Amino acid sequence: MKPFILLAALGAMATLAAAQQAPEAAAKPSGGPVKGGTYVVDPTHTFVMYEMGHYGTTTNRGRFSTKDGSVKIDGSGASGKVDITMDISSINTGVDLLNRHVLSKDFFNVAEFPTGRFVADRIAFSGDKVIEVPGTLTLLGQTRPVTLKASRFGCYISPLINRQVCGGDFETTVQRSQFGILWGLNFGFEDKVHLLVQVEAIDIQ
């Protein structure tokens, strides 16, 4: 996984450069992912946000980052594989007290399960656009099937690193009780959790 981490760092450096100085050229659309291509997930553009109902009124939200990951497109360009590791310990709800609670045994039990993982052996395309990714999500040692539905997807040539970057916004809904997260179910916190996932990955070839 070291080459992936190094290239992810390259993406991070490009992002930092972008924050300091505008690129000389705009990003150019580049069609779909490269057939047979391998992509490294850029952790500076890949996050998971969760939304959970709170007493039937507002919505509690939090976000966590990714550690590393890869996306491999098969030779036909019509499917592929995904393997992404999430850094659950990076959760940020915007409230320090709530951060400590969701990291505890009541929720994600990060002391024992610091990471989560999404793995897929198939990617569904419509033309050159990814439309969904059926796979499995592992949290707290429990693995359950989930399907990420794309709400947008595209590829471009980054003017900062001169490589193709592909990515999109995805979403799904899970039941947290299936992963053993039971706190609050009996007094107003919903079981259904909406996951919003943004992913960008860099072609390493």
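Two strands count as paired if DSSP finds at least two bridges between them, and the strands themselves (E, at least two residues), like the helices (H or I, at least four residues), are DSSP runs numbered from the N terminus. The model is predicted, so local features need pLDDT of at least 70 and side-chain atom pairs count only at pLDDT 80 or more, while totals for chains, interfaces and linings use all residues. Residues are numbered from 1 along each chain as its sequence is written, and side-chain values use heavy atoms, with hydrogens and water left out.

The protein chain has 2 helices and 11 strands, in the sequence order α-β-β-β-β-β-α-β-β-β-β-β-β. Of its 205 residues, 42% are buried, where buried means under 20% relative accessible area, exposed over 50% and partly exposed in between (1.4 Å probe, protein chains only). Contact means heavy atoms within 4.5 Å. Among contacts with a separation of 6 or more, 61% are between residues 24 or more positions apart.

Strand E8 (residues 129-139) pairs with E6 (residues 115-120) in the antiparallel sense over 3 bridges, and Phe118 stands opposite Leu137 of E8. On the E9 side, E8 and E9 run antiparallel and are joined by 8 bridges; here the partner of Leu137 is Arg144. The E8-E9 hairpin has 2 residues between its strands, and Leu140 in the turn has a positive phi of about 50°. Strand E7 (residues 124-126) also runs antiparallel to E8, with 3 bridges, and Ser126 stands opposite Lys129. E7 and E8 form a hairpin with 2 residues between them, in whose turn Gly127 has a positive phi of about 65°.

Phe118 also belongs to the largest nonpolar core, which has 41 residues; Phe118, Val82, Ile123 and Val133 are among those with the most contacts inside it. Strand E11 (residues 189-203) gives the most to this core, with 6 residues. A nonpolar core is a set of buried Ala, Val, Leu, Ile, Met, Phe, Trp, Tyr and Cys residues joined through side-chain atoms within 4.5 Å. Not counting residues up to four places away in sequence, Val82 touches residues including Phe118, Ile123 and Val133.

There is 1 disulfide, a disulfide being a pair of cysteine sulfur atoms within 2.5 Å. Cys155 is joined to Cys166, with an S to S distance of 2.1 Å. Cys155 lies in E9 (residues 142-157) and Cys166 in E10 (residues 164-175), so the pair ties together parts that are 11 residues apart in sequence. Both cysteines are buried.
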